[in-house]
Amino acid sequence: MNSPIYDAAVVGGGLAGCSAAITLAQQGRRVVLFESKHYPHHKVCGEFLSPECARYLHDLGLTPALRALCPPVVHSVAIIAPDGTRWETHLRGVGFSLSRYRLDQALAQQSRCLGVDLHEGATVTRIDGDLNHGFELEARSASGSGSFSAAAVIVASGKRSSLDRALNRSFLRTPQPYTGLKAHFRGAPLPGRVDLYTFPGGYCGLGEVENGLTNVCLLVRTEVFQRVGGVEGLIAWMQAQNPGLKRWFNTAEPVSERWLSISQVPFLPKPAVEGDILIAGDAAGLIAPLTGDGMSMALRGGQMAARYVQRWQADELNAGDLPRLYAAEWKRTFDRRLWLGRRLQACLFQPRLLSLGLRILNRLPAVGQMLVDQTREVAQPGQLAADQLVE
Ligand SMILES: Cc1cc2nc3c(=O)[nH]c(=O)nc-3n(C[C@H](O)[C@H](O)[C@H](O)COP(=O)(O)OP(=O)(O)OC[C@H]3O[C@@H](n4cnc5c(N)ncnc54)[C@H](O)[C@@H]3O)c2cc1C
């Protein structure tokens, strides 16, 4: 590897990292982007893109690629408790579903088209420096190690990464009691809907993605996962807990060779800067998946970090203000929804409390809508919607 000097280095080629890299490249910046895996690859994710995502993806120039992939649109989300109590909310606007296998690949392709120097299979192991003196990054790949220099660094390395250890991030000191699983199936249709089936200590989402596949993705407390005997035990056990889920699985056929899993899923607050490094996406804070807002936050957070870097490089901000102002905007924009997501998720894990809550929401639809709105940025009328993106 050689070592050119870049305006910005971005670590992590998921939604937040690609969003940051593309935004900077659109402004003519020289950007290097590191992704430790090769594209395309699967990820543990519910793969539901909320209505807000359409605008961010359009800003990144993704509309033609998305249209070509024909993702199914989503109009509503239903939560179904183990006793069959059900609450369904219609989205403000239209969402859609697309596998991360295709979405991340499309974003990576777009960054390359815009001249981003994308290194696949390259893991950043060390970052030194600051905004006054520049940064030095060490990246390891199959062909060896190399060092790269950049004026600014955005880290978007996801929920938990070996880089967090290298940066000595404080959240690693608190063990996290959640495990996530995901696989693709062929099963009974769920037209225009995402279904969230709950069970004690967890929930399982079903949603159609491209090519007639259904994504099955679940989050469970790790103690439950271990008690019921790991993946196979859990899949059988959660069906026994929620008969509606069992009915769907009875007619479904697995397409993925195996369940993908992640452990220690961290929902606790994290700082949005480390020294002079800007952090974006899940690396700055993961929202409870039931809100379906994580990908929108990652796309927006990546854009936000890129715009702060641009303002600094255009001399609108000094090096001292950049991390401070970015962290403050991140907090203002996302903190409240992260907090609410954690509280709502705690209710979902308790079936009796949940059934009562869902019955109340069925009687008071305005309260349900208010809770949904508080977990996201509500799309404004006239904004680009997913049905325009995918028609
Ligand atoms: C169970 C579950 C279900 C979910 N369902 C939904 C949903 O339906 N809708 C929704 O909107 N959100 C959902 N989310 C949240 C969503 O998946 C995340 O918010 C989103 O993926 C965040 O994107 P990101 O770019 O921050 O991280 P990621 O997509 O995880 O990308 C980070 C990237 O960084 C790379 N990387 C890590 N370390 C390094 C390194 N040192 N060097 C180079 N590369 C590195 C990784 O390989 C990875 O590709 C769910 C989350 C969970 C846990």
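Author: Helices in this predicted model are DSSP runs of H or I with at least four residues, numbered from the N terminus. Q313 lies in one of them, helix 9.

Reader: Why is Q313 called partly exposed?

Author: A residue is buried with 20 or more other C-beta atoms within 10 Å of its own, exposed with 12 or fewer, and partly exposed in between. Q313 has 17 C-beta neighbours inside 10 Å and therefore counts as partly exposed.

Reader: What makes E47 count as buried?

Author: The cut-off for a buried residue is 20 or more other C-beta atoms within 10 Å. E47 has 30 such neighbours, so it counts as buried. E47 is found in the loop between strand 2 and strand 3.

Reader: What is the phi of E47, and what is the phi of C70?

Author: Phi is near 65° in E47, which is not a glycine, and about 50° in C70, also not a glycine. Both values are positive. Most residues other than glycine have a negative phi, and most peptide bonds are trans.

Reader: Which peptide bond is cis?

Author: The bond from Y39 to P40 is cis, with omega near -10°. P40 belongs to the loop between strand 2 and strand 3 (48-49).

Reader: How do you know that helix 1 and helix 9 pack together, and which residues meet?

Author: The axes of helix 1 and helix 9 are 7 Å apart, at an angle of about 35°. The crossing is right-handed. Residues in contact have C-beta atoms within 7 Å; on the side of helix 1 they include L15, A16 and G17, and on the side of helix 9 they include M295, A298 and L299. The residues of this contact comprise 10 nonpolar, seven polar and one charged.

Reader: Which element gives the largest share of the shell around the ligand?

Author: Helix 9 does, with four residues. Of the 41 residues around the ligand, G14, G46, G158, G281 and G294 come nearest. By class, this shell has 18 nonpolar, 17 polar and six charged residues.

Reader: Which residues have the most contacts inside the largest nonpolar core?

Author: They are A9 and I154, in a core of 114 residues. Helix 9 gives the largest share of this core, 10 residues. Among the residues that A9 touches are V32, F135 and L137.

Note on methods:
Residues numbered from 1 in each chain as written. Predicted model: local features only at pLDDT ≥ 70, side-chain atom pairs only at ≥ 80, totals over all residues. Near = placed C-beta within 6 Å. Helix = DSSP H or I, 4+ residues; strand = E, 2+ residues; numbered from the N terminus. Nonpolar A, V, L, I, M, F, W, Y, C, P; charged D, E, K, R; others polar. Core = buried A, V, L, I, M, F, W, Y, C linked by C-beta atoms within 7 Å. Contact = placed C-beta atoms within 7 Å. Axes fitted to C-alpha atoms, helices over the stretch in contact; angles between N-to-C directions. Left-handed = near helix turned anticlockwise from the far one by under 90°. Lists of a residue's contacts leave out its neighbours within four places in sequence.
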